[in-house]
Amino acid sequence: MPLETIDRGRIERLEILSPAGIADASLAAVIPAERILEMYRKMVEIRLFDERAVKLQRQGRLGTYPQILGQEATQIVPPLCLRSKDWLLPTYRGQGSYYARGMELRYSLLYWAGDDRGTRFPEENNDMMFAIPVGAHLTWAAGLAWAEKLKKQDGVALAYLGDGTTSKGDFHEALTFAGQFKLPVIYLIENNHWAISVPREKQAASPTLAQKAWGYGARGLVVDGNDCLAVYKAVSDAVAAARAGLGPTVLECETYRMGHHTTADDASRYRSASELEAWKRKDPVARLRRYLALQGLWNDADEAKLLEEAQAMIQREIEAYESFPAPNPLNMFSDNYESAPWPLIEQRRELAELLELKKAHEPVFELPPAEGRFP
């Protein structure tokens with residue numbers, strides 16, 4: 001038998017907007033100016049919110065918080081390519097994608113304060129609460145996409161994951177299923193180059209993560225994740241392919257986590273300052289602002305007005321968050337089952353009795369507040 005070449009894999013990388021803000025018109029999708037301005041506004045707003053959230057955590061007004069800094073393009077742009085009834089499954093660093101879909105920031109603060117009322121999404125949205133266990137949501141996305149296909153609807157599921165998650169079994173199980181059944185699902189890898197303290201080059205021997213799509217019959221593309229125009233085109237094309245019945249797409253969006261993994265982390269212990277400085281020059285927010293300025297769509301007065309409005313909006317959200325009444329601990333047993341099983345009913349009764357008992361005791365104020373622990 002002759003030696004035959006069965007297939008030749010090829011992986012492409014999409015970049016439209018240079019760090020100087022100059023776009024390659026031959027590659028760019030046609031995006032209305034209002035849409036691009038919306039992207040920029042939301043990216044600036046989520047960056048300012050991110051800064052305030054870290055300060056709140058340092059002041060003891062918030063639990064452990066995962067910063068978005070540097071990943072604003074991959075957080076804000078992909079949700080703007082979806083319909084509200086499409087399914088969104090972010091990672092725990094997903095408050096930007098929720099915000100792009102219309103969730104008020106007060107709920108993100110509530111969530112990171114440990115309050116389950118922070119999972120309140122807009123009524124018309126199909127947003128899913130992210131799973132803290134890394135990668136568990138990837139098979140959920142395949143299942144949701146399969147349901148859309150079985151019901152002959154044109155909904156799409158978009159699931160986020162980090163570069164480290166592509167090493168987990170959940171990723172491969174989900175793609176095996178999605179590829180075989182040609183499901184309308186998109187797996188968007190936010191390759192921020194660090195899986196906590198493990199660098200990308202130690203996570204996989206393959207030159208790219210997008211090429212892992214080949215083995216499962218999915219399309220794969222590397223995207224400059226700090227380039228809003230490239231992210232918009234890549235996700236829009238993947239959504240169109242999914243609606244057309246062409247199956248799953250894996251998008252590896254190259255970006256960089258400029259902050260710590262969470263507020264419980266110290267990134268200076270495992271990465272160099274020079275690496276961080278190099279990525280700052282590719283900042284997605286500054287990059288899009290340069291583009292808008294070159295197009296005559298933005299100026300210093302617009303920027304000053306946006307910053308003032310955004311800071312006022314964030315302050316209102318913080319005040320709304322801190323005005324929420326204390327949660328009722330017994331509510332943790334709600335919203336789990338349509339009809340609660342007896343062990344749950346018994347646990348709720350025991351907690352109610354314990355809470356009544358504790359009312360008779362004075363609180364101990366000299367202990368410091370518990371800080372959340374996060375990997």
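This passage describes the fold of one predicted chain and then several of its residues. In this predicted model, local features need pLDDT of at least 70 and side-chain atom pairs count only at pLDDT 80 or more, while totals for chains, interfaces and linings use all residues. Residues are numbered from 1 along each chain as its sequence is written, and side-chain values use heavy atoms, with hydrogens and water left out.

The chain holds eleven helices and nine strands. Both are DSSP runs, numbered from the N terminus: helices are H or I with at least four residues, and strands are E with at least two. The radius of gyration is 22 Å, close to the 21 Å of the globule rule for 375 residues, so the chain is as compact as a globular protein of that length. This radius is taken over C-alpha atoms, and the rule is 2.2 Å times the number of residues to the power 0.38. Along the principal axes, the C-alpha atoms fill a box of roughly 80 × 60 × 40 Å.

Of the 375 residues, 49% are buried. Buried means under 20% relative accessible area, exposed means over 50%, and partly exposed lies in between (1.4 Å probe, protein chains only). The accessible surface comes to about 19,000 Å², and carbon and sulfur atoms account for 55% of this surface. Areas come from the Shrake-Rupley method with a 1.4 Å probe; for residues, only the protein chains shown count as cover.

Contacts (heavy atoms within 4.5 Å) were also counted along the sequence. Among those between residues at least 6 apart, 74% join residues at least 24 apart. The chain carries 45 positive and 52 negative charges, and their mean positions are 2 Å apart. Lys and Arg count as positive, Asp and Glu as negative; His and the chain ends are not counted. Each charge is placed at NZ of Lys, CZ of Arg, CG of Asp or CD of Glu.

Asp86 sits in the loop between α2 (72-76) and β2 (87-89). Asp86 is buried, with a relative accessible area of 1%. The side chain of Asp86 makes a polar contact with the side chain of Arg243 at 2.7 Å. A polar contact is a pair of N or O atoms within 3.5 Å; within protein, one must be able to donate a hydrogen and the other to accept it, and residues adjacent in sequence count only if both atoms are side-chain atoms. A polar atom of the Asp86 side chain also lies 2.8 Å from the backbone nitrogen of Arg83. Leaving aside residues up to four places away in sequence, Asp86 touches Arg101, Asn126, Asp154, Gly155, Val156 and Arg243.

Gln57 belongs to helix α1 (residues 33-58). Gln57 is buried, with a relative accessible area of 8%. The side chain of Gln57 makes a polar contact with that of Arg58 at 2.9 Å. Gln57 and Lys152 are 95 residues apart in sequence and 45 Å apart in space, C-alpha to C-alpha.

Lys152 lies in the loop between α5 (137-150) and β4 (157-162). Lys152 is exposed, with a relative accessible area of 77%. Most residues other than glycine have a negative phi. Lys152, however, has a positive phi, near 55°. Phi of His193 is also positive, near 75°. His193 is placed in the loop between β5 (185-191) and β6 (194-195).

Ser339 is found in the loop between α10 (300-322) and α11 (342-358). Ser339 is exposed, at 61% relative accessible area.
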